[in-house]
Amino acid sequence: MRDFGMGFAQFLAGQRWVARHRREYGLGLVPALITLVIYGAALVGVITRGGDVAETLTPFADGWPSPWLGLFRAALMVALIALAVLVAALTFTAVTLLIGSPFYDVISERVDRSVSPDGTAPESALAWWVELWVSVRDSARILVRAMLWAALLFVLGFVPVIGQTVIPVLAVFVTGFFLTQELTSVALQRRGVQLNQQMAMLRSRKTVAWGFGAPLAAAFLIPVVAVFLMPGAVAGATLLSRQLLGEPTRA
C-alpha cells in the first residue's frame with residue numbers, strides 16, 4: 001500500500017502543480033479538448049448504431065422467441081458500448097499525447113525546471129521529427145498490447161458474477177498501468193529511456209504505477225473529466241519519472 005500511496009501522491013502533486021501554473025494548464029487543455037470532440041462523435045456513433053451492429057453480429061438468433069431475442073441483443077449492445085468506453089479510456093491518453101506532443105513536452109520540461117535543484121531540464125538529443133516518429137511508433141506498440149487486454153477483458157465480462165464484479169476492477173488497474181506508461185513516456189523519452197526500459201521499470205514498480213494510473217483510469221471513464229485532468233496528469237507523470245529514476249527533486 002505504501003507504493004500505491006506513493007504513486008497516488010505524484011498524481012495529486014501534478015494536479016497541484018498545474019493549479020499553480022494557470023498558463024501551462026490552459027496549454028494542456030487544447031489537445032485534450034480536440035481528442036474529446038473526436039471521441040465524443042465516435043461514441044455517439046457506437047451508441048446510435050449499437051442495435052444494428054448487435055443484430056448484424058447475431059443472425060443465428062433471428063428465430064429466437066420473445067423476449068429472449070430482445071434481451072440477448074440488448075445485452076450485446078450494452079457490452080459493445082462498454083467495450084467502446086474501455087477502448088476509449090485505453091487510447092484517449094495516447095491519442096491526446098500524439099495530437100498535443102509539443103504542448104505536453106513544454107509542460108513536462110517546465111515541471112522539470114521548477115523542481116530540479118539546478119533549475120534545468122533534460123533535453124532530447126533527437127531531432128523533433130525523429131522524436132515524433134519514436135513517439136508514434138511506441139504509442140502504436142502500446143496500443144496493440146492495450147487492445148489485446150481490452151479484447152480479453154471484454155470476453156471475460158460475459159462470465160457470470162465475475163464479469164460484473166472482478167473484471168471491471170481489473171480493467172481499471174490494467175488501464176491505469178497503460179496510462180502511467182503513456183504519460184511517463186513524455187519525460188522518459190526526453191531522457192533517452194527506450195520503450196522496453198520504460199516497461200521494465202514500471203513492471204518492477206507495478207504498485208506505484210497502479211497508484212498513479214488507476215485513479216486516473218477511473219476518472220477517465222467520464223470523458224469531460226479526462227480533459228481537465230490531462231495537464232496535471234502529464235505534470236504528475238514527470239514528477240513520477242524523476243522519482244523512479246532517483247533524480248533529486250526540490251519540495
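Trainee: Why is Asp112 called buried?

Mentor: Its relative accessible area is 0%. Buried means under 20%, exposed over 50%, partly exposed in between (1.4 Å probe, protein chains only). So Asp112 is buried. Note that this is a predicted model: local features need pLDDT of at least 70, side-chain atom pairs count only at pLDDT 80 or more, and totals for chains, interfaces and linings use all residues. Residues are numbered from 1 along each chain as its sequence is written, and side-chain values use heavy atoms, with hydrogens and water left out.

Trainee: What makes Arg242 and Asp112 a salt bridge?

Mentor: The rule asks for a side-chain nitrogen of Lys or Arg within 4 Å of a carboxyl oxygen of Asp or Glu. Here the closest N and O atoms are 2.8 Å apart, so the pair qualifies. Arg242 sits in helix H9 (residues 223-245) and Asp112 in helix H4, so the bridge ties together parts 130 residues apart in sequence. Helices are DSSP runs of H or I, at least four residues, numbered from the N terminus.

Trainee: Is Arg242 buried or exposed?

Mentor: Buried, because its relative accessibility is 3%.

Trainee: Why is Val161 called exposed?

Mentor: Its relative accessibility is 60%, so Val161 passes the exposed cut-off. Val161 lies in the loop between H5 and H6.

Technical notes. Helices (H or I, at least four residues) and strands (E, at least two) are DSSP runs, numbered from the N terminus.
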